[in-house]
Amino acid sequence: MSIKLGTNDLAKYPFLNEASTYVKETHFDLQEFDRTEMEFILNRSFNKIDNFIKNGETNYKLEKFEIEILTFLASLLILKSASIDIITKKFALFESMRFEKYLVEDLKNSFKDEKKRLILLKIFNEIFKIDIFCETIVNEFYKIRVIDYIHRSIVFHEEEWKLINRTVKNGFVYLNVNEIVRLFRNELSLLIIDKIKNMKLVTFPDKVLKKSQNLKIYWDSINKRSKVSDHVNKNRTTPPCIDHIYKVLNNGENLPHSARLLLATFLLFSEKNIEEIIEIFKKLPDYNEQITRYQLEHLSGKKGSSKKYFVPSCEKIKLQNLCHETFVCKGIINPIQLLGKRRDEIEKEEGKG
Amino acid sequence: MIFSTNSKSDLKNAADMLKENEPTLKIDFKNSEPSNNNQLWLKKTFKKYYFKYFINVALPEKINLHEFGFRYFDEKMYRHFSFNSPGEIYAFVLKFSPSDIYCSSSFYRNPSEPMDKKEWYGSELIFDIDGKDLHLECTLEHNYTRCHGCNLINAGVLEKCSNCNGSRLNVIEIPCKNCIFFLKKEVKKLINLLVEDFGIDSKTISVYFSGNNGFHLHVADKDYLPLLSVERAEISSYLLGKGFKLETLGLKINNDKKFIPILKNKQLLDCGWRGRILKNLKINFYSGKNADNNFIKQIEKLETIWNCDFQQKVAKTIEDLSVKIDPMVTMDIHRIFRLAGSLNSKSGFAKILCNDVDSFDPFKDACFFDKSTIEIVSKIDTSIFFKGKKYNLNKGSNSVPEYVAVYLISKGLADINLKEI
């Protein structure tokens, strides 16, 4: 049975193939973004990106589907032209969180509306290449194959995502709508990043270039501040696990909760003050100053139980898949043991061995 | 079924193969020689087994995609071998008589290359249930402890040698009927979880006796082949019952140590670990208006009967219901496993497919040596059951059937009489 998406669906999910088909069918030429009537679309796109990266704000209000599709397309063009990885990743994360909200609403309604359900199943199949099944004997639950679940859930570090804490039966994992959508957030975000990376354009419309130039100027201005790794004393040995976290941060990628905790406790123990640490955490795509500050104050014992959190042990770091052991780690049980050592001392020791 | 037993036609021209392929065999393997009489005799006896029973050896269908490894009687391990046909392996085994034969559960484009160049395709899902992980009390009685200092074999599992008080000891495992019973129980628990929770077709699960003191389960379900190590670790963790949160049962304990219901929808309480725990604790499900209250009241009532707190009871239940697999074996996608049908040098038993787990007896079904009489020198007084018959041995010279001799010598409990060499 062929399932046709409605215009409202295209407005919510402009990354779908049918949205691209719509653009093709209208014979829309990208150079048309230079037309005066299109300024509204370009401004809307730019403001959306701007709001994401500066304020972490998302607007869920939907316009007509044509406007939403073109806004999405213009946003991709601006980001492609700017070619700033961190901004692209930040945009992808916020945009995927926005789509996530629509998906949750639609999935909730889908239990009573078969047509809606079929559309959503089609969306999941098209974007995530996965079949989700509606469990008719259990109200308001969807189920996915155990393997599909494990493949996605292993990136989550919270215990509630562990398979043992899920309802597993006959090769399926049962999930409510919030859970099923949360499970796919990373993939949605990667899909958007891929769309931007795979765009092949020889020339960009002038007005798109102008917008991307503004973005670059803004980015250069905030990037005058030091790089994350500059916060580290070059003479001292940085534990490889912390080094790896810095690399991830500098790439503008997200960090799991456990990695954030490791970095924060390590920096606090290295006698960095909260302001300096906040500066480092600003690179996170989902950075929120209020939450970051609260959590750092909590970890440092200034808030909550006044208990100061210690840096996790190497054993725990290994269990959390955050260990990137090298020769410098020889004989240590906690990364802070490397703080007192100079790199040349370790290399000398290694040479002797 | 990914593994298949060799047909006679495959092996028909093996003798010719031996000559044809000799130049291609790895040279370094040729230099390993047994260092003592026991090893020399075992090598000769193992060779006889492979000559007679190579048909037992279940080789993978696509041999050329697997890595093979061998242990020789000098106890050194040789890896990264590849073969194109059953005949090539047969020729190799007869030529070098290895003590153990291993094959990767993984498929590689280049199986004989170093690990980083092998190009991994996928790997069968494998579980290992080992007797030592069951921590059975009976093992303290019937196992032996060998002292590295004075070489004395002590009866039972000791912390210090009864002769020299040395603490460098190793345990010699001699599984008893009780051990085999509990190992089988774990196998059945594992199959049950794989079928009921993971939906794996039982026809794709093969149970093998490991050849010593455990069982291996191979799952030949194509869907599981591409799973990465970390994903396999999650499956192991599920089977071991690790990381269970009390909240998963639909309640939490507040600061006043009172139970608070947290799941409004209790329709799915009867599935997976949640269902298994509640069923084991005989906690019933309720529906209707007072479902939550009735659920909590029931637990409070049971707590007084058990005279122990609910969390402890849940932890104990998980311990009982979990399967005692070795998680490292399941998650290691580059491991090579004992090849089905090959001999285990720790016992002389074959790793063998168990078509009926309940009736399987390793001391009968995994034992392929003959009953010809062999002279051995036992290091201990012991008695052992083989093929339904009890053999009493005194320390010193004894005449026993070949299968008993192979077992005791492989275990390090006896030496071969020189006249047998």
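What follows is a walk through a few spots in chain B of this predicted model.

**Stop 1: a helix pair.** Select residues 37-53 of chain B, helix H4, along with residues 402-410, helix H14. How far apart are their axes, and at what angle do the two helices pack? The axes sit 11 Å apart, and the angle is about 135 degrees. Angles over 145 degrees would count as roughly antiparallel, so H4(B) and H14(B) come out as oblique to each other. Turn the view to look at the crossing of H4(B) and H14(B), and you'll find that it is left-handed.

Stop 2: Zoom in on B:Leu418, in the segment that comes after strand E22 (414-416) of chain B. B:Leu418 has a relative accessible area of 58%, and since the cut-off for exposed is over 50%, B:Leu418 counts as exposed.

Stop 3: Most residues other than glycine have a negative phi. Select B:Ser97, in the loop that links helix H5 (86-96) to strand E5 (100-104) of chain B. B:Ser97 is not a glycine, yet its phi is positive, about 40 degrees. Is B:Ser97 buried or exposed? Buried, with a relative accessible area of 1%.

Next, jump to B:His135, in the loop between strand E8 (125-130) and helix H6 (139-142) of chain B. B:His135 isn't a glycine either, and has a positive phi of about 50 degrees. B:His135, though, is exposed, at 66% relative accessible area.

Notes:
Residues numbered from 1 in each chain as written. Chains lettered and ligands numbered in written order. Predicted model: local features only at pLDDT ≥ 70, side-chain atom pairs only at ≥ 80, totals over all residues. Heavy atoms only, no water. Helix = DSSP H or I, 4+ residues; strand = E, 2+ residues; numbered from the N terminus. Buried < 20%, exposed > 50% of the residue type's maximum accessible area, 1.4 Å probe, protein only. Axes fitted to C-alpha atoms, helices over the stretch in contact; angles between N-to-C directions. Parallel < 35°, antiparallel > 145°, perpendicular 65-115°, else oblique. Left-handed = near helix turned anticlockwise from the far one by under 90°.
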